[in-house]
Amino acid sequence: TFKVEINLYQQNFPVQIDPQVYGQIVSMKNTDLDFDGKWDVILLTEQGKILTVNETGYSSWGSDSFLVGNIGRQPIVPPILFNNPFRSSLKSKGLVVLAKDGSVFGYSFLANHTIDTLFSPITINSNITTHPLGMIEADSTVRIYWGAENGYVYQLNIETSGVNMDSLLITDEAIRFIHLNAQNQLISISQSGRVFRDGTFLQQINLPYAYPAGEEAVALTRQGEFLLLERGGGNIAEENIFQFDSPMITHPFMKGEGDYPNYFVAGNNRLYSFNYNFTQSHDFPVQIYDPDRKITLPLSPLLNLFFDQSARQVISLVVTDPSGVIDGFDLTGNRLADFPLAVGDSLLISPLLTDIDGDGDLEIAAVTQKGILYLWDVASSYDRFGWNQIYYDELNSNRNNNPLPANPYPPEERLSDQLLPEKLVYN
């Protein structure tokens with residue numbers, strides 16, 4: 001095995017998606033729309049336009065170079081994607097897009113490159129306040145959830161026989177966040193910080209700044225308070241020392257008889273890693289820029305296999321500076337070979353990791369404020385169980401119970417008994 005330089009663009013990229021024509025891109029997701037083994041990039045704009053890009057640098061759906069649909073309203077992002085459960089000779093991929101005004105739209109992408117409506121547009125009597133998240137039952141039924149300003153959580157059921165909708169009144173105030181735990185029980189957090197499980201009140205918390213993550217629903221405040229949403233407790237990691245900006249991601253590592261999660265988050269020029277017990281991982285935090293500078297890092301970290309400086313393929317993290325820099329580090333805090341990458345323009349949405357040409361290699365996709373979509377072709381292997389896009393997967397589940405196949409730095413050998421590494425001193 002030998003490493004190829006990362007600074008080569010994927011063939012047919014970068015491409016320009018003109019904001020004057022389509023609007024500002026506000027979301028980027030990743031799926032195999034036509035079941036050909038090649039991942040497609042799905043983009044949403046602030047105007048509600050739906051765009052797709054495949055390995056050719058354009059869309060193979062519809063007559064426009066990129067445009068495949070338009071809800072004509074301001075969307076809530078990201079949307080949700082899934083395999084349709086309908087019995088048909090053709091496989092199809094479903095896409096559900098929510099609008100802030102309470103409208104819900106569904107599209108069906110058939111493997112023969114035709115597009116149809118999944119259901120007639122739905123309107124609820126409230127503004128929608130969360131992005132959608134979903135689960136798939138054993139019988140292939142797709143259940144999609146979202147929260148609303150009126151205190152309800154709505155459930156859209158896409159079954160082999162058709163589409164129907166249920167609703168559950170959670171509270172008398174707006175729903176701010178939702179999450180499905182490992183048992184697919186619905187965790188809801190209201191605007192004032194009240195936590196509910198399947199509609200039953202659990203506890204009052206400090207309102208987190210981002211969506212909960214993990215098999216065990218864990219949320220985070222900007223000051224470093226880990227919130228165990230279902231059983232209370234948690235850990236305050238030296239309040240006011242940390243400043244967190246990004247969504248939190250999780251990854252399970254084997255320890256003894258079971259899987260234990262690590263938690264990763266970025267903020268204030270640093271990338272943080274915390275163990276399952278919320279102590280800080282050895283060799284973290286990693287300082288992105290040296291000398292230190294005060295910058296916010298609001299975009300989601302990503303995790304997959306990359307080559308380190310010794311040409312080993314190891315589990316590694318990607319972190320993005322919205323000023324236009326993408327950086328990568330292994331789990332010992334060392335910068336990966338051939339990073340950082342620079343795009344020369346602002347990055348407003350989280351990049352994603354993909355395999356757009358189906359060759360088994362990983363590509364990094366990022367779209368700039370000016371609508372330029374970059375793809376870098378990376379020699380390392382693409383693993384679909386990595387944290388490859390914001391909120392982990394097509395369903396926005398924000399949880400991962402699939403360890404990647406290789407980890408040269410077992411966390412059980414690197415657990416620190418201290419909350420902060422000895423090398424790091426805060427005044």
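So, let's start with G106: in strand β9, its bridge partner is F119. Keep in mind that what we're looking at is a predicted model. The two strands here are β8, residues 103-110, and β9, residues 115-123, and they pair in the antiparallel sense over 6 bridges. Now look at the turn of that hairpin. There are 4 residues between the strands, and H113 takes a positive phi near 70°.

Okay, on to the charged side chains. Side chains of opposite charge can pair when their charged atoms come close. How many salt bridges does the structure hold? The count is 13. I'll walk you through a few.

Take K38 and E55. Their side chains meet in a salt bridge, at 3.4 Å from N to O. This pair links distant parts of the chain: K38 is in the loop between β2 (25-31) and β3 (40-45), while E55 is in the loop between β4 (49-53) and β5 (67-70), 17 residues apart.

Next up, R73 and D101. These side chains also form a salt bridge, 3.0 Å from N to O. Again, distant parts of the chain are linked, with R73 in the loop between β5 and β6 (75-83) and D101 in the loop between β7 (92-99) and β8, 28 residues apart. As for accessibility, R73 has a relative accessible area of 35%, so it's partly exposed. D101 is partly exposed too, at 37% relative accessibility.

Then there's R231 with E216, whose side chains meet in a salt bridge at 2.5 Å, N to O. Where do these two sit? You'll find R231 in the loop between β19 (225-228) and β20 (234-236), and E216 in the loop between β17 (200-204) and β18 (218-220), so the pair ties together parts that are 15 residues apart in sequence. R231 counts as exposed because its relative accessibility is 59%, and the cut-off for exposed is over 50%. E216, on the other hand, is partly exposed, with a relative accessible area of 31%.

One more thing before I stop.

Definitions and conventions:
Residues numbered from 1 in each chain as written. Predicted model: local features only at pLDDT ≥ 70, side-chain atom pairs only at ≥ 80, totals over all residues. Heavy atoms only, no water. Pairing = 2+ DSSP bridges. Salt bridge = Lys/Arg side-chain N within 4 Å of Asp/Glu carboxyl O. Buried < 20%, exposed > 50% of the residue type's maximum accessible area, 1.4 Å probe, protein only.
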